Amino acid sequence: MKPSEGDEYRGENAAQYERQAAEHDWHGHEILFGLMYDFITPGESLLDIGIGTGLASLRFHRAGLKVSGFDNSPDMLRGCESKCFAGAVVQHDLQDVPFPYESSSFNHVVSLGVLNFFADLAPVFREAARIIKPKGIFGFTIEERKPGQRSRYTIRYTGESDEGAHQFKIAMFRHGDKRVRSLLGSVGFAVLKEHDFLADRYPDQGIDVYLKIYVAQKAASG
Ligand SMILES: C[S@@+](CC[C@H](N)C(=O)[O-])C[C@H]1O[C@@H](n2cnc3c(N)ncnc32)[C@H](O)[C@@H]1O
């Protein structure tokens, strides 16, 4: 382990991410796909925000959708490209808006396990609303802030790089359901489904991370 304990998180390592997803019984991908299944049709297009190694959107590809995605981690993107299923995968930071896509250019947008790293959801929601075609679906996760919980907290995380293992601190953000719904409504989405699930545990830090999936539909017009 490198003696750099306390570094801020700088991105994911693809091999480690895939290994941990398997070891931790991570089923977020199947849950998101299952919740969206009724609303997708083969041949439609899907953008994955924070596509990582493609675990979430691979299922949509298998169901006949044309997948594109972006991520800010070159290593995760290389992991995704090695699976050869996504049509266009680019390096882009989701905090840089507008995203590099035309308005109404995708049937659906997903973002799984990403928005819990961000304090401000509004720019991403606005961009999803701009990019999705009328009646398209935005399926994403956040960590819901329950009564008594802080909106920001930190977890310690062991990450790997070419130079070895590091201990990182990651800032995590929780968002209230009322605020999420109000933001979605303000950009033209109606929530169709929501589902909470235990996503990760950090027993040494006394932290359980529950993510909430929202499946929201863009209005038919506007
Ligand atoms: C927990 S992983 C989830 C990956 C993928 N969505 C999945 O379901 O397997 C979080 C992903 O968000 C990406 N990410 C984090 N911050 C980002 C940013 N500012 N812009 C774009 N992607 C980001 C990370 O590189 C990583 O691939």
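Some ground rules. Residues are numbered from 1 along each chain as its sequence is written. Because the model is predicted, local features need pLDDT of at least 70 and side-chain atom pairs count only at pLDDT 80 or more, while totals for chains, interfaces and linings use all residues.

Confidence next. pLDDT is the predictor's confidence in each residue, from 0 to 100. The chain averages 91, and 93% of the residues score at least 70. Over residues 1-10 the pLDDT is below 50.

Now helix α2, residues 28-36. Helices (H or I, at least four residues) and strands (E, at least two) are DSSP runs, numbered from the N terminus. Leu32, Phe33 and Met36 are the buried residues of α2; buried means 20 or more other C-beta atoms within 10 Å of the residue's own, with C-beta atoms placed from the backbone. Down the axis of α2, they fall within an arc of 95° (taken from the directions from the helix axis to the C-beta atoms), so they line one face. They pack against α3, β5, β6 and β10.

On β5, take Ser111. Ser111 is buried, with 22 other C-beta atoms within 10 Å. Leaving out residues up to four places away in sequence, Ser111 touches Ile49, Gly50 and Phe140, where contact means C-beta atoms within 7 Å.

Last, the ligand. There are 19 residues around the ligand, near meaning a C-beta atom, placed from the backbone, within 6 Å. Gly50 is one of those that come nearest, along with Gly52, Leu55, Asn72 and Ser73.

Notes
A residue is buried if 20 or more other C-beta atoms lie within 10 Å of its own, exposed if 12 or fewer, and partly exposed in between; C-beta atoms are placed from the backbone. Two residues are in contact if their C-beta atoms, placed from the backbone, lie within 7 Å.
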